[in-house]
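Have your viewer ready and follow along.

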Amino acid sequence: EKNKLRNKTGERFFESNELTIRHNQAIKGDYPVFERLWHFWGNHFAISDKDFLAAFSTGPYQREIIRPNMVNTFEQMVKDVTTSWCMLHHLDNPESVGPQSKNGIEGFGTSINENHARELLELHTVSPKAGYTQKDIIQATYIMTGWGRKWDRKRLETGNVMFHQNDHQPNDKVVLGKTYKPKGRLELFDLIHDLVNHRSCKKFIATKLCRHFITDYPTEDMITQ
């Protein structure tokens, strides 16, 4: 009966409709390089087919988070993607509660979830070549505690996010040798600023772009240029 209802309401066709929009834009659009870049960033910041994310959220996420940021800085794109509902939910960040936070101490949350911090470091910015450790991942996870959902039915699927101070781990955090002072939600933005300007991040992203647009085996000259 659920499947019948999904067919009746059109839910089953949301995902294929979004794919059709992107394919049509790529083939018939006036700016093919821009469209291919859109696909590149969509793959770089990929999300899973979890809890109907593909059916309901991937399309708005691609159109409302990634595409508008293609004319902004990479730093702004990382900020908006990292704090988008799709990425937060995909990587279980709302489940992460700092052990020394108000809710952690009072027993409303018992653990942290490293998924989001790990992907931010490994796949979205500096890559393992930056030499980060498990301790860095845990410290980055503490920085990211508090980011979760805002239960507001009036907001779009990609916009209903807020920072919950009571879930956020207080005290200093140290990631890749830098100390981040307690600043609440601003700690994440400070971390992202440092990650996207890290030399490992620049080389990692440049290499992926070269592989996408030029060759599977780019030279150092291609990457540095």
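## Ground rules

Helices here are DSSP runs of H or I with at least four residues, numbered from the N terminus. Please keep in mind that this is a predicted model.

## Helix α12

Let's start with α12, which covers residues 199–213 and so has 15 residues under the DSSP definition. From its first C-alpha to its last, the helix reaches 21 Å, close to the 21 Å expected at 1.5 Å a residue.

Which residues of α12 are buried? They are Ser200, Cys201, Ile205, Ala206, Thr207 and Cys210. The cover over these buried residues includes α3 (32–44), α6 (74–82), α9 (115–124), α11 (186–196) and α13 (220–224).

## The second largest pocket

Helix α12 also takes part in a pocket. The second largest pocket has a volume of about 240 Å³, and α12 and α13 each supply at least two residues of its lining. The largest share, 7 residues, comes from α12.

On your screen, look for Ser127, Lys129, Arg199, Ser200, Lys203, Phe204, Thr207, Lys208, Arg211, Glu220 and Ile223, which line this pocket. Ser200 and Thr207 belong to this lining and are also among the buried residues of α12.

## The largest pocket

Now to the other pocket. How much space lies in the largest pocket? The volume is about 300 Å³. Its lining is made of 19 residues, and Leu19, Arg22, Asn43, Thr58 and Gln62 lie nearest the centre.

Three helices, α2 (11–28), α3 and α5 (58–69), each supply at least two residues of this lining. The largest share, 5 residues, comes from α2. Sorted by class, the lining of the largest pocket divides into 7 nonpolar, 8 polar and 4 charged residues.

## The cysteines

How many disulfides does the model contain? The count comes to 0, with a cut-off of 2.5 Å between two cysteine sulfur atoms.

Cysteine 201 counts as buried because its relative accessibility is 1%, and buried means under 20%. Cysteine 86 is buried as well, with a relative accessible area of 0%.

Methods. Residues are numbered from 1 along each chain as its sequence is written. This is a predicted model: local features need pLDDT of at least 70, side-chain atom pairs count only at pLDDT 80 or more; totals for chains, interfaces and linings use all residues. Side-chain values use heavy atoms; hydrogens and water are left out. The expected span of a helix is 1.5 Å times one less than its number of residues. Buried means under 20% relative accessible area, exposed over 50%, partly exposed in between (1.4 Å probe, protein chains only). Contact means heavy atoms within 4.5 Å. On a 1 Å grid over the protein atoms alone, a cavity is a set of points where a 1.4 Å probe fits but cannot get out, and a pocket is an open set with protein on both sides within 12 Å along at least five of seven lines; lining residues have an atom within 4 Å of a point. Grid points are joined across faces, edges and corners, and a volume is the space filled by probe spheres set on the points. Ala, Val, Leu, Ile, Met, Phe, Trp, Tyr, Cys and Pro count as nonpolar, Asp, Glu, Lys and Arg as charged, and the others, Gly among them, as polar.
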